[in-house]
Amino acid sequence: MNNLKFSLLFSLLLSVYNISARCIVNFDCKTIQNDSQIYTATLYVFSGSDWCAPCINLYKKVLNRNEFLQKMDSGNIQLQIIDFPQRTQLSPELLKYNESVSERFGFEGSFPTLVIYSFITRKFKTFDYRNQSAVAFYIEIVKNLRQLNE
């Protein structure tokens, strides 16, 4: 039952925080707009939502926290979860999309992998989650993003 709830929450996050594939595949935009929000960066979380213990920990400690999501919104940073579950079958379209994003950022299969992409400089950086709190993790994201934008 808990796995079902967890998978549903990940699916909800994926659908709520999904961005334009045109920007990811072609890298042809500086910012993306999602109705009322303009984002200047995206945090990609490569995850194994239903089998990867560190991914589940990241989700519980950070990704589902309102304080984290609010800070991401106020910082104009979009969250996108690129999920590779083992017990849940993805649609062919979503699997193809996840694979294209993985290829674009050189994802090598280590979970979780975190990539911050700046639409301002069109650069990206991979970094690690070190079991931080939601606020400490957000600070780490901002630090990495500032380095990209220098």
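This note goes through the sheet, its helices, the aromatic pairs and the nonpolar cores of a predicted model.

1. Basis. The model is predicted: local features need pLDDT of at least 70, side-chain atom pairs count only at pLDDT 80 or more, and totals for chains, interfaces and linings use all residues. Residues are numbered from 1 along each chain as its sequence is written, and side-chain values use heavy atoms, with hydrogens and water left out.

2. The sheet. Four strands form an open sheet in the order β4-β3-β5-β6, and the pairing is mixed. The edge strands, each pairing on one side only, are β4 (77-83) and β6 (123-127). From one strand to the next the twist averages 20°. Strands are DSSP runs of E with at least two residues, helices are runs of H or I with at least four, and both are numbered from the N terminus. Two strands pair if DSSP finds at least two bridges between them.

3. Strand pairs within the sheet. Strands β3 (residues 41-47) and β5 (residues 113-118) run antiparallel and are joined by 6 bridges. Tyr117 has Phe124 as its bridge partner in β6. The hairpin of β5 and β6 has 4 residues between the strands, and there Arg122 takes a positive phi near 60°.

4. Phe46. This residue lies in strand β3. Its relative accessibility is 0%, so Phe46 counts as buried; the classes are buried under 20% relative accessible area, exposed over 50% and partly exposed in between, with a 1.4 Å probe and protein chains only. Beyond residues up to four places away in sequence, Phe46 touches Ile82, Phe84, Val101, Ser102, Phe105, Phe107, Phe111, Pro112, Thr113 and Val115. Contact here means heavy atoms within 4.5 Å. Phe46 and Val101 are 55 residues apart in sequence, yet 9.5 Å apart in space, C-alpha to C-alpha.

5. Aromatic pairs. Rings of Phe, Tyr and Trp (its six-membered ring) pair if their centres lie within 6.5 Å; planes under 30 degrees apart count as stacked, over 60 as edge-to-face and the rest as tilted. By this rule the count is 12 aromatic pairs. Phe105 and Tyr117 have ring centres 6.0 Å apart and planes at 65°, so they are edge-to-face. Phe105 is in the loop between α5 and β5 and Tyr117 is in strand β5, so this pair ties together parts 12 residues apart in sequence. Both Phe105 and Tyr117 are buried. For Phe105 and Phe124 the centres are 4.9 Å apart and the planes at 85°, so this pair is edge-to-face too. Since Phe124 is in strand β6, the pair with Phe105 ties together parts 19 residues apart in sequence. At 38% relative accessibility, Phe124 counts as partly exposed. Ring pairs join Tyr44, Phe105, Tyr117, Phe119 and Phe124 into a cluster.

6. Nonpolar cores. A nonpolar core is a set of buried Ala, Val, Leu, Ile, Met, Phe, Trp, Tyr and Cys residues joined through side-chain atoms within 4.5 Å. The largest has 24 residues, and those with the most contacts inside it are Leu43, Leu63, Phe68, Ile77, Ile116, Phe137 and Ile141. Two or more residues come from each of β3, α3, α4 (66-74), β4, β5 and α6. Helix α6 gives the largest share, 7 residues. A second, separate core of 11 residues includes Ile82, Tyr97, Phe105 and Val115. In soluble globular proteins, nonpolar side chains tend to be buried together.

7. Helix α6. The 16 residues of α6 should span 22 Å at 1.5 Å a residue, and the end C-alpha atoms are 23 Å apart, which agrees; the expected span is 1.5 Å times one less than the number of residues. Buried residues of α6 are Ala134, Phe137, Tyr138, Glu140, Ile141, Val142, Asn144, Leu145 and Leu148. What covers them includes β3, α3, α4, β4, β5 and β6.

8. Asn149. This residue is found in helix α6 (residues 134-149). Asn149 has 30% relative accessibility and therefore counts as partly exposed. Leaving aside neighbours within four places in sequence, Asn149 is in contact with Ser118, Ile120 and Thr121. Asn149 and Lys123 are 26 residues apart in sequence and 8.2 Å apart in space, C-alpha to C-alpha.

Technical notes. Axes are lines fitted to C-alpha atoms, for helices over the stretch in contact, and angles run from 0 to 180 degrees between N-to-C directions.
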